[in-house]
Number of protein chains: 2
Amino acid sequence: MSPNFEAIAESKAKGILSAIPDHWRLGIEVPPAEEQRDITGKYVQQFLTTSEIEITETDAVGILEKTTTGKWSAREVTEAFCHRAAIAHQMTNCLLDIFIDVALEHADTLDAYYLEHNKPIGPLHGLPVSLKDQFHVKGAETTMGYVGWIGTFEGQKGTGKERRFESQLVTDLRQLGAVFYCKTSVPPSLMSPETHNNIVGYLLNPKNRHLSAGGSSGGEGALLSLRGSPLGMGTDIGGSIRIPASFNGVYGLRSSAGRLPYEGTPNSMDGQESILSVVGPLGTTLRSLTFVMKALLSKQPWLHDPMVIELPWRVEHESRLHAMIGNIGISEKLSFGVMRRDDVVLPSPPVRRAIELVVKALENAGHEVIEWQPPSHSRGLETAVEAWMYDGGEDIHNAFSISGEPPISQISRRYGAKPVEQKTATEIAANNITKRKYRKEYLDYWNSTAKLTRSGQPVEAFISPLSPYAGTKPDEYRYLTYSTIINVLDYTSVAFPVTHADRNLDVVDADYTPANPADQQVFESYDPEIHHGSPVGLQVVGRRLQEEKILSLAQMISDLLL
Amino acid sequence: MSPNFEAIAESKAKGILSAIPDHWRLGIEVPPAEEQRDITGKYVQQFLTTSEIEITETDAVGILEKTTTGKWSAREVTEAFCHRAAIAHQMTNCLLDIFIDVALEHADTLDAYYLEHNKPIGPLHGLPVSLKDQFHVKGAETTMGYVGWIGTFEGQKGTGKERRFESQLVTDLRQLGAVFYCKTSVPPSLMSPETHNNIVGYLLNPKNRHLSAGGSSGGEGALLSLRGSPLGMGTDIGGSIRIPASFNGVYGLRSSAGRLPYEGTPNSMDGQESILSVVGPLGTTLRSLTFVMKALLSKQPWLHDPMVIELPWRVEHESRLHAMIGNIGISEKLSFGVMRRDDVVLPSPPVRRAIELVVKALENAGHEVIEWQPPSHSRGLETAVEAWMYDGGEDIHNAFSISGEPPISQISRRYGAKPVEQKTATEIAANNITKRKYRKEYLDYWNSTAKLTRSGQPVEAFISPLSPYAGTKPDEYRYLTYSTIINVLDYTSVAFPVTHADRNLDVVDADYTPANPADQQVFESYDPEIHHGSPVGLQVVGRRLQEEKILSLAQMISDLLL
């Protein structure tokens with residue numbers, strides 16, 4: 001226990017700001033949310049040059065088209081994103097680290113490589129990639145939101161790994177040509193759907209500063225929303241990629257466990273294998289996510305991470321879909337499930353409207369949409385809730401106790417003020433059996449949709465809310481089932497933006513009687529005035545390890561929404 | 001607690017015998033081991049007709065060539081194997097159930113199908129398949145070696161599933177055309193490398209009746225050795241497929257977890273997910289194993305078992321190998337690792353000779369063999385030992401207590417007389433981390449062999465003992481590391497026969513000083529006179545989920561040994 005966690009945190013926070021050069025200081029005070037609700041787009045552009053705006057508003061694939069052909073230098077791209085990220089941080093506190101010099105130096109070596117060999121070093125040559133402050137990257141530290149981790153390696157001093165050890169994913173990205181320049185904010189332990197820590201404070205949504213940026217990859221969401229990054233890497237054990245992607249109007253992929261390398265990346269309750277956290281990309285376009293997935297799998301991550309399955313990118317899975325949806329001549333109509341609500345909570349009006357927009361778009365294009373009526377999601381969720389409590393909170397409380405900092409409210413609500421009794425081996429085994437049986441039941445349900453579709457085939461995917469909220473006010477995110485059930489099932493899910501909350505279209509149904517406390521909480525948390533303008537996303541969900549297919553389908557749906 | 005477990009067991013044992021028709025009774029007493037050590041081959045043939053011998057000594061692929069083209073009827077094939085299995089059981093007590101009428105009736109429906117459609121019902125049309133008495137099959141009960149499970153469904157009465165519920169694998173095999181006719185003997189709980197239960201007693205090795213048939217799929221091993229089955233299905237959490245395959249001179253595949261469906265198959269300590277038991281085939285030829293793997297994967301088991309990975313049979317993995325080893329014109333030399341011994345125990349002389357036979361065969365064919373010097377196997381093994389004790393033996397003791405039967409000695413040695421304290425969630429998580437780190441270390445070692453090979457590529461596979469014993473006398477199997485380390489790593493392994501113990505070639509080195517108690521136990525357990533004639537197998541081991549490749553390599557090595 002250290003009495004001065006505040007001092008350590010403050011010093012870290014100041015260090016981030018002081019890493020930003022003077023000429024990139026904002027110079028002005030950002031007006032309060034009441035005056036300037038949305039600081040993305042035009043607002044943030046005022047601090048940038050035309051050239052910086054052009055670069056930073058190009059998606060990852062567009063950037064790579066330039067950097068791998070010598071049209072843009074890695075340095076100018078890196079510098080533009082460093083500048084925009086620095087501005088984003090000054091406006092939102094979305095970063096836990098920024099290392100501009102290291103990034104520019106790396107960019108210079110890439111430019112030198114290109115000059116010498118007249119070819120890029122790899123498919124991600126010169127692409128700035130932001131990292132959730134959970135990944136280890138050489139030259140920087142990792143806090144995972146804990147004050148106690150500042151100046152340490154995962155809470156320990158003198159390991160020799162401080163600022164040296166690198167997560168496998170980061171090394172792979174680096175070898176592919178990516179440039180790292182910042183670590184994005186997270187809640188301590190990552191076990192929260194909002195981003196709040198004792199280092200840089202609470203993270204608001206740049207699109208609607210009355211609301212949360214979501215979590216736990218909230219810094220990624222906010223930074224992408226402000227275009228301070230073209231592509232970021234997050235992790236997801238209950239919605240931590242998809243919630244911030246959705247709240248911030250960008251795309252996020254929750255890949256299935258074993259598809260991307262987690263090796264060398266710290267985590268809360270590491271070794272809890274019932275519900276595995278997974279790695280996945282967030283980005284401003286879907287094609288960026290697909291591109292980085294292909295690039296990462298080209299590294300054969302199964303040769304470096306024993307948890308990764310030998311499963312190269314299956315072009316044939318994409319091409320089957322492209323054939324079916326008409327991209328290469330043959331056009332066939334597909335069947336989708338739609339889940340308008342689960343068995344406990346009715347989503348907020350903007351989310352319900354988003355669902356209808358997608359259903360209409362699919363149906364207008366001739367696709368079939370059937371009701372998705374799977375085994376109870378609330379029942380399925382219990383496995384995750386149980387798994388997160390196996391150790392009674394010991395690991396998380398240990399991490400807080402390093403510095404003596406208090407848990408943030410989202411964490412103390414779940415894990416209390418101190419650890420409780422651990423689960424026994426028999427209880428853990430029973431939970432694994434419950435999980436397996438639930439997955440089996442869900443699989444059988446999915447197969448059974450063959451009886452309901454015109455084609456006689458099971459649906460290709462289902463569309464569902466990934467959050468009942470269209471953004472939440474601080475500390476109001478409570479109901480996780482829509483996102484977390486996907487982690488229980490280990491399915492592939494892509495979060496994609498659909499619309500924005502609209503005070504005129506998304507009115508409160510005054511006659512609605514909530515069916516239970518969770519329903520009531522979601523019902524009461526929506527305020528048409530406050531939520532106005534907030535991005536609203538949904539998820540398209542596929543079976544396990546269907547990343548190729550679900551990214552293709554998400555693209556098809558997004559195109560139909562244009 | 002029931003006082004009369006002996007009566008229940010005896011009634012079950014008598015029931016198995018009484019299911020054998022009178023005209024299939026042996027009629028003679030089999031002479032003791034001292035007079036008739038080996039009862040396979042010529043000895044067992046005396047009880048069969050020429051036609052029955054022809055059928056039962058044809059491998060699964062050969063049988064299917066006949067049954068799928070109408071040359072042999074399913075009935076005549078089934079009848080021949082039922083007869084031979086009935087004889088095998090009378091000589092060894094290798095079965096826990098036999099259901100001839102059900103099998104013949106099923107065979108008749110297959111014959112009728114063929115007659116009507118002039119084509120087989122599936123790729124396994126009319127193939128008799130034996131099942132370890134762990135798999136559920138309609139019309140029969142499952143004991144898993146427990147007296148308490150007799151007349152129940154997994155120890156419970158009145159579930160409505162008794163004799164009705166079927167394991168997914170069994171249903172898949174059935175739909176492919178397989179015929180079931182017997183359940184093979186296992187030790188209660190399956191957690192033993194020998195086969196001994198309170199129902200049909202201790203299972204000796206038909207090739208050398210002084211020795212154990214191995215376990216836990218020991219009934220499969222013995223039945224295959226006597227050619228009472230062309231193909232059987234077993235499971236393996238520490239060597240339970242490979243040990244009996246090896247001891248009985250047949251082939252066995254330990255597939256990686258998630259390749260074949262375990263759904264609906266009971267297990268000990270179900271829900272323990274750190275070291276997963278896996279399903280795999282045992283057979284009299286390698287091509288039989290390959291054939292059944294292809295057939296099973298053609299059923300897309302990932303659509304019916306949520307633990308199965310969507311990974312169809314990859315013909316390209318086979319063909320790459322076939323190209324490299326010259327089967328289709330291009331010939332390239334391969335590199336193998338060879339592990340002559342681990343860090344604790346020197347294998348018995350016959351096993352050491354087997355290793356040298358394989359090394360010489362590979363080198364004579366121009367392949368490269370390098371020393372395999374991986375991270376300590378004995379250290380790696382600790383993860384499995386710990387995982388098997390998570391629940392302190394509660395599940396296993398509960399199952400014994402249903403009938404009040406005493407644990408067999410191999411079980412009580414590990415699990416004591418009553419349950420001990422369970423592991424905590426934190427301890428289980430720590431063990432999972434240890435496992436993952438060990439797997440990573442091993443992966444890195446494997447990759448590092450690229451520096452040692454002529455090709456500059458890592459070795460394709462490594463050759464290792466799967467047991468330090470060339471068979472064991474009853475209750476002398478103690479040292480499991482050679483087989484179990486593969487379960488810790490979740491690697492693909494094929495057990496294949498190499499030679500037989502030979503009292504003239506495999507002499508005891510009287511000067512050898514054992515390095516530790518385990519080494520001493522293995523050293524002392526070998527007796528050239530007693531072991532003479534015992535089959536000796538080895539394993540060829542590939543990375544995770546490399547079933548196609550390792551079966552191909554095992555075939556290549558076996559061909560070189562001819």
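Where does Ser216(A) lie in chain A? Select Ser216(A): it sits in the loop between β7 (208–212) and α8 (218–225) of chain A. Helices (H or I, at least four residues) and strands (E, at least two) are DSSP runs, numbered from the N terminus.

This is a predicted model, in which local features need pLDDT of at least 70, side-chain atom pairs count only at pLDDT 80 or more, and totals for chains, interfaces and linings use all residues. Residues are numbered from 1 along each chain as its sequence is written, chains are lettered from A and ligands numbered from 1 in the order in which they are written, and side-chain values use heavy atoms, with hydrogens and water left out.

**Stop 1: around Ser216(A)**

Ser216(A) is buried, at 1% relative accessible area. Buried means under 20%, exposed over 50%, partly exposed in between (1.4 Å probe, protein chains only). Show its contacts (heavy atoms within 4.5 Å). Beyond four places in sequence, they include Lys132(A), Leu190(A) and Ser240(A).

Now select Lys132(A), Ser216(A) and Ser240(A), which an unreviewed UniProt entry annotates as "active site". They spread over 109 residues of sequence, yet cluster in space, with a largest C-alpha distance of 10.6 Å. UniProt annotations may be inferred rather than shown by experiment.

**Stop 2: the annotated binding site**

Select Leu190(A), Ser216(A), Ile237(A), Gly238(A), Gly239(A) and Ser240(A), given as "binding site" in the unreviewed UniProt entry. These span 51 residues of sequence, and their largest C-alpha distance is 10.6 Å.

Zoom in on Ile237(A), in the loop between β8 (231–236) and α9 (242–247) of chain A. Ile237(A) is buried, at 11% relative accessibility. Gly238(A) is in the loop between β8 and α9 too, and is buried at 6%. Leaving aside residues up to four places away, Ile237(A) touches Trp388(A), Thr484(A) and Asn487(A), among others. Gly238(A) touches Trp388(A), Leu480(A), Ser483(A), Thr484(A) and Asn487(A).

**Stop 3: two helices**

Select α4 (60–67) and α10 (286–297) of chain A: their axes come within 7 Å and cross at roughly 60 degrees. That makes α4(A) oblique to α10(A). Axes are lines fitted to C-alpha atoms, for helices over the stretch in contact, and angles run from 0 to 180 degrees between N-to-C directions. Under 35 degrees is roughly parallel, over 145 roughly antiparallel, 65 to 115 roughly perpendicular, and the rest oblique.

Show side chains. Ala60(A), Val61(A), Gly62(A), Leu64(A) and Glu65(A) in α4(A) meet Arg287(A), Ser288(A) and Phe291(A) in α10(A).
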